[in-house]
Amino acid sequence: MRQRQAKSFPLLAVLCGAPVTEAAWTTNQFDNFFPAWSHGLHDLLDGVWDGFTSTDTKLEVCRNRLAYDASVGRGPYWTVECMLQEFPEFRKAEAASASVILGLLPSVLSQLGPTTAQIGLLGSRRPLLALLLALGAPSFARPTSQGYETSLRDELPFATLDMQGQQKEGSGGACGCGRRRTKSDRARIILTDLIEYVFALAAAANVAIVTYKLCFWAIEGFALSVVFLPALWVLLAIPIFIVSVLVIYGYFQIRPDDGCPAQWHWYDELTPCRDQPCVKLKPRPWNCRKQVATALAWCLHFGIVLHGVLGTLALAGLIFISALDAVVIVLYYVASAVVCKFIIAYELIGLRTKMRFESGQQRP
């Protein structure tokens, strides 16, 4: 087997978007491939290709080209060209099908993932859990309505309060605080919290592992020496999540309900939303803070579109992936997104009983 020039970068470096430029290129991308074609591709690079019809001269050329590309350090251009020349046409057609499957993945995940209004609202109550869920489902949907207040009213049928703070008839049940928790209540909270964090961490770890493989087990056809594009697509879910939370705080004043604690405490992060103190959401007047939140909301609208385009570009451009491996990759991402969707849905159901809308001054 050929000698490797450098070991693979650690997962943390990839998930931090480490910029691998042509000047720093090594043979890491050829250490591993996805299972379906791994044996054949390694045989090709080692000069003992027995899967496809080829000549010993071409095999020697491919092996020498990898050594040349590694010595020059400008990217595996000659090596990839030789490998593609050795590929039969039916394998190239299968690779094109895999590119289509992977290119559709961001759109599929956006249909399964939360809206920015939902993840921002959950982040205002349980930021760490919401962050893990954002990483586990790295594609977001736009709110169903243009305005965040209208979107939240449409997506989450909260109870509504009039200007005097009285609950409107037919808008939901009463929200009270002060009831002492029994042992069964505390046991249920601990168990629920443990289940949520275990599954959220598992979903985020699953996405991190699959993304690492996409970075180092495949090659970007349009940027052969770049490995971080799939990781960049996943990591951009973090600023989208942060901006979503900021927009919620910019649009609404989150105040404690009557008789409930006035401040958010760190242990509220470890408490399911249905067991947290009740709060009121009052739309802010049309001031500077709400204007900034409106600008950020518009940035989110366009940012989500650009985020999906980046994901499509990064995933559809990967080569040396079979159609079967592409389907497995999609299933891994979808499994994480479904798990996160269930957790978000459960928490949002709890928010319906713990948050109230107050009538407020609208934009003039």
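**Close-up views of a predicted model**

**View 1. The largest nonpolar core.** Of the 62 residues in this core, L102, L133, L214, I321, I329 and Y333 touch the most other members. Helix 14 gives the most to this core, contributing 11 residues. The model shown here and in every view below is predicted. In soluble globular proteins, nonpolar side chains tend to be buried together.

**View 2. Surroundings of L133.** Which residues does L133 touch, not counting residues up to four places away in sequence? With that exclusion, the contacts of L133 are L122, A200, C340, I343 and I344. L133 is also one of the residues that touch the most other members of the largest nonpolar core.

**View 3. A second core.** A separate nonpolar core holds 13 residues. Among them are F30, L41, M83 and F320.

View 4. R126 lies in the loop between helix 7 (116-125) and helix 8 (127-136), while E347 belongs to helix 14 (residues 323-354), so the pair ties together parts that are 221 residues apart in sequence. Side chains of opposite charge can pair when their charged atoms come close.

View 5. R188 pairs with D185, and their closest N and O atoms are 3.8 Å apart. Both residues lie in helix 10 (residues 183-216). They sit 3 residues apart, about one turn of the helix. R188 counts as partly exposed because its relative accessibility is 26%. D185 is buried, because its relative accessible area is 12% and the cut-off for buried is under 20%. Elsewhere, salt bridges that share partners join R126, D193, E196 and E347 into one network.

View 6. K92 forms a salt bridge with E89. The closest N and O atoms of this pair are 3.6 Å apart. Where do the two residues lie? Both are in helix 5 (residues 89-103), 3 residues apart, about one turn of the helix. E89 is exposed, with a relative accessible area of 59%. K92 is partly exposed, at 32%.

**View 7. Salt bridges across the whole structure.** How many salt bridges does a search of the whole structure find? The search finds 7.

Technical notes: Residues numbered from 1 in each chain as written. Predicted model: local features only at pLDDT ≥ 70, side-chain atom pairs only at ≥ 80, totals over all residues. Heavy atoms only, no water. Salt bridge = Lys/Arg side-chain N within 4 Å of Asp/Glu carboxyl O. Helix = DSSP H or I, 4+ residues; strand = E, 2+ residues; numbered from the N terminus. Buried < 20%, exposed > 50% of the residue type's maximum accessible area, 1.4 Å probe, protein only. Core = buried A, V, L, I, M, F, W, Y, C linked by side-chain atoms within 4.5 Å. Contact = heavy atoms within 4.5 Å.
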